[in-house]
Amino acid sequence: MDFDLMITSFPKLLGATVVTLKLLSASLFFGLFLGLFFAILRLNKNIFINKFAYGYSYIFRGTPLLVQIFIIYFGLGQIEYLRTTFLWVILKEPYWCAIIAFTLNTGAYTSEILRSAFQTIKPGIIEAGKSLGISNKIVFYKIQIPIAIRQSLPAYGNEIILMMKGTSLASTVTLMDLTGVAKYIISTTFKPIEVFIVAGGIYLFMTFIIHNVIKYLEKKYSFQQ
Amino acid sequence: MELLAFGKTGWGDELFYATLMTIAVSITAMLVGFFFALIFTPLKLSKYKTLNLVGNFYTTVIRGVPELLVIYLFFFGGSGAIMYVASIFGYYEYIEINAFVTGSMAIGIISGAYSTEVFRGAIQSIDKGQFEAAKVLGINKFGQFYKIILPQMLRLAIPNLSNVWQITLKDTSLISVTGLVEIMRQSYIAAGSTRDPLFFYSFAAVLYLLLTYVSMKLINKLEVRYSRGY
């Protein structure tokens, strides 16, 4: 065991954790909206809209995240037309490509989580709202969405942890996130175990925090108080 | 389509073999995972706190750390660890482990953590009376598990194991960083030499979709088979 290496690499890895957290929070933020959007499309009665939303979530859940990042980072740059539009400003940056890929990926999982949450809401609750003369829109925003969020908290907590692990793939498109820096230190010092313990420890700590925050929220918003 | 031709002109045959490699790695990893689950599930269900701790440590660490980091640990640390063990037995030559073994071990350990959780859940949801009834009938320990618990457990475990299989299949794409030529690595090579990454990565995505689709269909059949009588 090389404890000196563990101590000297800790600040470097901690610095890289900031990149990981930035990627995670940005993709979760955009992914939540995307997921909500597609969950609503899934509940639409129009079969084409419905199938379109299903196709989106099926494709992004059925393929590895690595393929998705590579298609966006290496693949989209190949289209000449894109290079002339303003989108190129975003797509030439690996940072934004990673965020786009993560957003699309987590959006697909989130849409499934939210859809099943919406479907488990008892129809009686919606009917009660309607019979009180509340408009459809307000029933949706004030009744269905809050209940769906509560229902989907445990599953969404898992998704956050999965996404946090997913951000490690940003290192494959040259980003120096926690895993990227860990790999760099391993390949220069050839001390994989020490670096794994430190980097893995940081990841586990983040998992622990996320897990407990979700647990707290579940308790706070539980129906029986 | 020319790009996908078989033979020397296209990448069809290379991608075909790469797909077989992905399937082979996934199946090996899944089996390695079952092996680990076989060890760690009893630990997690044990009466003894220390054994519980060992079991929980395994599943928590593996499920809380990115797959890629575990793969790097095996990729950079694998041969070192083997050489260390070999040196105890007086063997000092350089040992190189092949990428297939490293990859399927790394993915296997990850898949094992998920399988352990699935088996633990399935065993815990079997009615306690089943264990007691089996004991009362004088069936030996092996028979209890093999004839009574296992068939009931499999029915409950298969839907969740199908999720583990999907995760494992998708995780194999990460082994491409170690240089094992599976779908992702082959697409990377093809994309590099033809300068057509969009096509090859999209094709890789299609191959993965095909694999997940076909395996879902097969697992559904299995599910029906193990739910006979319910």
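Helices in this description are DSSP runs of H or I with at least four residues, and strands are runs of E with at least two, each numbered from the N terminus. Read along the sequence in those terms, chain A of this predicted model follows the pattern α-α-α-α-α-α-α-α-α-α, and its secondary structure accordingly comes to ten helices and zero strands.

The C-alpha trace of chain A spans about 70 × 55 × 25 Å along its principal axes. Of the 225 residues in the chain, 38% count as buried. Where contacts in chain A join residues at least 6 apart in sequence, 77% of them join residues at least 24 apart.

The largest nonpolar core has 106 residues, and the residues with the most contacts inside it are Ile69(A), Val70(B), Ile71(B) and Ala204(B). To this core, helix H6 of chain A, covering residues 94–120, gives the most, with 13 residues.

The contact between the two chains takes 32 residues from chain A and 27 residues from chain B. On the side of chain A that touches chain B, the elements giving two or more residues are helix H2 (47–62), helix H3 (65–75), helix H9 (178–189) and helix H10 (192–220) of chain A. Of these, H10(A) gives the most to that side, with eight residues. By residue class, the side of chain A that touches chain B divides into 19 nonpolar, eleven polar and two charged residues.

Within chain B, the packing of one pair of helices deserves a separate look. The axes of helix H1 (residues 12–45) of chain B and helix H2 (residues 49–64) of chain B come within 7 Å and cross at roughly 130°. H1(B) passes H2(B) in a left-handed crossing. At this crossing, Phe40(B), Leu43(B) and Lys44(B) in H1(B) meet a set of residues in H2(B), namely Leu51(B), Asn52(B), Val54(B), Gly55(B), Asn56(B), Tyr58(B) and Thr59(B). The residues of this contact of H1(B) with H2(B) divide into five nonpolar, four polar and one charged.

Conventions: Residues are numbered from 1 along each chain as its sequence is written. Chains are lettered from A and ligands numbered from 1 in the order in which they are written. This is a predicted model: local features need pLDDT of at least 70, side-chain atom pairs count only at pLDDT 80 or more; totals for chains, interfaces and linings use all residues. A nonpolar core is a set of buried Ala, Val, Leu, Ile, Met, Phe, Trp, Tyr and Cys residues joined through C-beta atoms within 7 Å. A residue is buried if 20 or more other C-beta atoms lie within 10 Å of its own, exposed if 12 or fewer, and partly exposed in between; C-beta atoms are placed from the backbone. Two residues are in contact if their C-beta atoms, placed from the backbone, lie within 7 Å. Ala, Val, Leu, Ile, Met, Phe, Trp, Tyr, Cys and Pro count as nonpolar, Asp, Glu, Lys and Arg as charged, and the others, Gly among them, as polar. Axes are lines fitted to C-alpha atoms, for helices over the stretch in contact, and angles run from 0 to 180 degrees between N-to-C directions. A crossing is left-handed if the near helix is turned anticlockwise from the far one by less than a right angle, and right-handed if clockwise.
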